Amino acid sequence: MIKEQTLEQELIVAKKKSAKPMLWVSMISMVMFFAGLTSAYVISMKRDDWVSFDLPNAFHISTFLIVASSIALFLSQRFLKQDKRQLSLILVVVTLILGIGFIWQQYVGFEQLKSVGLYFTGKDSTVSTSFIIGITFMHVLHLLAGIIVLFVVIYNHFKYKYKPNDMLGFELGAIFWHFVDILWIYLFFFFYFIK
């Protein structure tokens, strides 16, 4: 019995040693991708046809939603460590709902841009609008991956796969979600201050 527990603990440690570094490497590549896009944005600002405009209100709302989702997920993880499973599960579901709300507000923001004559493509599009919508859309795609991760976390939560001493899948999902949150905050302030 003791040998089985020791072997199980060694497997958990081995999983942690390989899974987290792989996640960090993928997140570093995403940082490089968005750094390249925002660098191209800054360089393109020198163009004669550059148009400055304020961010749509929906982007402000979506920023609030994604920060709130990260707080909910952080609290969920804490409650799971305390073996308060029901409260933890509720907060993961709240995180999912807030994430979906974020995506909806991004769509509303795109529509707000269209309503003032700022388009992603076509004869009425501008370089600045194309950049903002393109970069934001790429972030939304990464957030959709995060939504899928949350569904997996919720499913595993229902199946009692997470324990206070074995939360690897939950931890990986939380790290990715918080990363996507921080990435949006960076993009939001980048667009807000660099026009």
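This is a short walk through one predicted chain, from its overall make-up down to a couple of residues.

Quick housekeeping before we look. The model is predicted, so to speak of a local feature we need pLDDT of at least 70, and side-chain atom pairs count only at pLDDT 80 or more, while totals for chains, interfaces and linings use all residues. Residues are numbered from 1 along each chain as its sequence is written, and side-chain values use heavy atoms, with hydrogens and water left out.

Okay, the overall picture. We've got five helices and zero strands, running α-α-α-α-α from the N terminus. Helices here are DSSP runs of H or I with at least four residues, strands are E runs of at least two, and both are numbered from the N terminus. Along the principal axes, the C-alpha atoms fill a box of roughly 75 × 30 × 25 Å. Of the 195 residues, 43% count as buried; buried is under 20% relative accessible area, exposed is over 50%, and partly exposed is in between, with a 1.4 Å probe and protein chains only.

Now contacts, meaning heavy atoms within 4.5 Å. Taking those with a separation of 6 or more, 84% link residues 24 or more positions apart.

The UniProt record, an unreviewed entry, puts "transmembrane region" at residues 21-43, 55-75, 87-107, 127-154 and 175-194. Bear in mind that such annotations may be inferred rather than shown by experiment. In the model, residues 21-43 are 100% helix, with end C-alpha atoms 33 Å apart. Residues 175-194 come out at 95% helix, and there the ends are 28 Å apart.

Let's zoom in on Thr38, which sits in helix α1, residues 2-44. Is Thr38 buried or exposed? Buried, because its relative accessible area is 3%. Leaving aside residues up to four places away in sequence, Thr38 touches Ile135, Tyr186, Leu187 and Phe190.

For contrast, go to Phe74 in helix α2, residues 57-81. Phe74 counts as partly exposed because its relative accessibility is 43%. Together with Ile71 and Leu75, Phe74 forms a nonpolar surface patch with about 270 Å² of accessible area.

Last stop, helix α3, residues 85-115. Its 31 residues should span 45 Å at 1.5 Å a residue, and the end C-alpha atoms are 45 Å apart, so the two agree. That expected span is 1.5 Å times one less than the number of residues. After α3 comes Gly117, with a positive phi near 85 degrees.

Notes:
Patches are made of residues with over 30% relative accessible area and no salt bridge: like charges are joined within 9 Å, nonpolar side chains (Val, Leu, Ile, Met, Phe, Trp, Tyr) within 5 Å. Accessible areas come from the Shrake-Rupley method with a 1.4 Å probe; for residues, only the protein chains shown count as cover. A salt bridge is a side-chain nitrogen of Lys or Arg within 4 Å of a carboxyl oxygen of Asp or Glu.
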